[in-house]
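The sequence and structure come before the details.

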Amino acid sequence: MLVPARTALEEHNSVDPLHTSTADAEQGGAAECAADSETADMSACHATPKGSRRYARLATGSGAGAEDGADEGGRTTRREKRERPRRARGRTRPSPRVQRRAVERARVGEAPSPLQLCRHAAALCTVGLAPGLLLMSMPFSGEDAPQVVRRPHRSPAQAWYDAYVFWRSAPPPDPPLPPPSSPPPAPPQPSSPPLPPSPPPSPPPSPPPASPPHPPPPAPPPPTRLSPARCDALFRDRDGIFRQMWNREGWMQLHGGEPCWGRNDGGRSYFDNVLMGTSCDNNWYEGFMGWQEWDGDAPAVLGFDSSIDGYCRGLQGRRRRLARGNATTGNAADGDDATTMSNRRRRLNAAWLCHEVNRNILMLFGTNVHGTGAGYNSCRNLEWQICAALGRLPGQRSPRIVFSTAPSELDTAGARPLGKCGGYKPRGCGWQSYANDDIFFLEVCIYAKICRNRDKLFRLRRGEFFICDVDEEGFRDLQHLLADGPHPKR
């Protein structure tokens with residue numbers, strides 16, 4: 001603990017310099033002399049007159065008289081003149097009570113208050129002694145603190161440094177509070193009752209009784225649209241209509257009757273003549289309009305009667321005006337109804353339209369066609385087809401064939417089915433006859449059997465030309481199937 005030695009002069013110098021003027025110093029000095037008169041020598045008071053300027057400088061702790069109030073000659077400085085009005089207004093002059101309290105604090109050795117330290121700092125800045133601030137900010141405590149030794153004449157920095165040392169000698173701060181203790185542990189929760197044991201696993205369910213085996217699904221229905229495979233299947237069906245359409249009498253099914261190629265050699269001579277084209281130069285309009293004259297290539301046209309009529313009407317830009325005076329109504333049978341006669345007239349009109357645009361169609365009427373002793377039948381139809389494939393029909397200059405209905409559009413179960421008595425039917429409908437629509441199905445399947453390019457046949461568009469690459473092997477297979485005939489009628 002530092003205990004500085006203090007003299008009467010030091011006690012006088014501990015008064016706040018910012019609020020102590022010359023008159024204040026005189027009053028302070030008088031009070032001090034009065035206090036010390038009982039114990040101290042009065043020579044200390046008279047050594048320095050209370051009214052002298054030197055005494056004022058000692059009281060304020062300032063050694064620069066020229067700057068702080070008066071010069072060496074005792075003249076009043078400019079700063080003294082500036083401070084006089086302020087003192088007169090009472091702004092800077094402290095009361096005697098404040099001065100006495102300052103002197104008493106300095107006498108008993110109390111530490112300066114924070115307000116005094118602030119005033120000391122302001123005084124240091126005023127006189128330009130900034131290094132004093134650095135000294136005041138230096139921490140000192142305990143035995144490291146320096147011993148303060150006052151000299152009669154010390155600078156302001158030394159005075160305020162001594163005051164700072166006193167202030168640092170205050171008791172140390174209280175020790176830091178201990179950290180808060182952790183909360184006590186929570187009491188243990190009561191344990192939950194034990195779970196009941198899990199039940200044993202249930203046995204697996206018994207398998208359901210075996211159901212009787214399902215019958216196999218029915219086979220998908222065979223495709224009904226015409227194709228090479230479909231045509232071959234139709235010819236190989238001995239109970240199908242393709243095996244029944246070869247009766248000597250036209251429009252009648254065979255059913256045990258005489259086939260149109262005869263009974264002599266099983267049809268070998270007939271089929272040989274057909275393949276060689278022996279009958280190609282015959283009149284294929286016999287019984288209708290006789291021999292015809294052509295002024296260009298006349299391809300063969302196949303299709304339903306109504307589609308042939310529409311095809312030839314679409315070619316009327318190339319129509320030739322021909323006289324129709326020599327046309328006949330054909331071999332009308334007794335008892336023909338109005339529908340049959342109407343269909344015949346429509347077929348006759350289609351034949352004229354196609355002839356005018358150089359298109360060949362098959363149109364035969366009469367009871368002795370080509371001297372065979374019979375009228376139209378499927379044998380005459382096969383001869384005409386082979387001649388058209390060979391390009392040897394009258395008026396034909398190339399083996400071109402055209403279909404008014406595309407072969408790929410034919411469906412045995414479609415809108416115009418096979419074996420349902422559609423189209424022209426001079427023998428009526430029933431199990432013993434066939435109609436004109438059935439003939440077109442037969443014609444397409446015959447080409448599917450005898451042409452090597454049969455696949456191309458079913459890629460044709462309506463009205464597109466087709467040239468058949470005749471396959472003799474396919475023709476002989478067809479001959480064998482037809483000569484084998486259908487099952488006899490039960």
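A disulfide is taken here as a pair of cysteine sulfur atoms within 2.5 Å. The model is predicted, so local features need pLDDT of at least 70 and side-chain atom pairs count only at pLDDT 80 or more, while totals for chains, interfaces and linings use all residues. Residues are numbered from 1 along each chain as its sequence is written, and side-chain values use heavy atoms, with hydrogens and water left out.

## Overall make-up

The chain holds 18 helices and three strands. Helices (H or I, at least four residues) and strands (E, at least two) are DSSP runs, numbered from the N terminus. Of its 490 residues, 41% count as buried. Buried stands for under 20% relative accessible area, exposed for over 50%, and partly exposed for values in between (1.4 Å probe, protein chains only). The chain exposes about 28,100 Å², of which carbon and sulfur atoms supply 56%. These areas come from the Shrake-Rupley method with a 1.4 Å probe; for residues, only the protein chains shown count as cover.

A contact means heavy atoms within 4.5 Å. Among contacts in the chain with a separation of 6 or more, 71% are between residues 24 or more positions apart.

## Disulfides

A disulfide is a covalent bond between the sulfur atoms of two cysteines. A search of the whole structure finds six disulfides.

| Cysteine pair | S to S distance |
|---|---|
| Cys-260 and Cys-379 | 1.7 Å |
| Cys-280 and Cys-387 | 2.0 Å |
| Cys-451 and Cys-468 | 1.8 Å |

The link of Cys-260 and Cys-379 is right-handed, with 75° about the S-S bond. This pair joins distant parts of the chain: Cys-260 sits in the loop between H11 and H12, Cys-379 in helix H15, and 119 residues separate them. Both Cys-260 and Cys-379 are buried.

With -95° about the S-S bond, the disulfide of Cys-280 and Cys-387 is left-handed. Cys-280 lies in the loop between H12 and strand S1 (300–302) and Cys-387 lies in helix H15, so the pair ties together parts that are 107 residues apart in sequence. Cys-280 and Cys-387 are both buried.

The link of Cys-451 and Cys-468 is left-handed, with -110° about the S-S bond. Cys-451 is in the loop between H16 and H17, and Cys-468 is in the loop between S3 and helix H18 (472–484), so that distant parts of the chain, 17 residues apart, are linked. Cys-451 counts as buried because its relative accessibility is 0%. Cys-468, at 7% relative accessibility, counts as buried too.

## Salt bridges

Side chains of opposite charge can pair when their charged atoms come close. A salt bridge is defined as a side-chain nitrogen of Lys or Arg within 4 Å of a carboxyl oxygen of Asp or Glu. By this rule there are 17 salt bridges.

One of them joins Glu-249 and Arg-427, whose closest N and O atoms are 3.0 Å apart. Glu-249 is in the loop between helix H11 (228–236) and helix H12 (268–276), and Arg-427 is in the loop between strand S2 (400–403) and helix H16 (436–450), 178 residues away. Glu-249 is partly exposed because its relative accessibility is 41%. Arg-427 is partly exposed as well, at 42%.

Arg-380 and Glu-383 form a salt bridge at 3.0 Å, N to O. These two residues lie in helix H15 (residues 378–390), three residues apart, or about one turn of the helix. Where do Arg-380 and Glu-383 fall, buried or exposed? Both are buried.

A further salt bridge pairs Glu-409 with Arg-462, at 3.2 Å between the closest N and O atoms. Glu-409 belongs to the loop between S2 and H16 and Arg-462 to the loop between helix H17 (454–457) and strand S3 (465–467), so the pair ties together parts 53 residues apart in sequence. With 40% relative accessibility, Glu-409 counts as partly exposed, whereas Arg-462 is exposed, with a relative accessible area of 55%.

Asp-232, Arg-236, Lys-449 and Asp-477 are linked in a network of salt bridges.

## A buried glutamate

Glu-443 lies in helix H16. Glu-443 is buried because its relative accessible area is 9%. Apart from its neighbours within four places in sequence, Glu-443 is in contact with Leu-302, Asn-381 and Gln-385.
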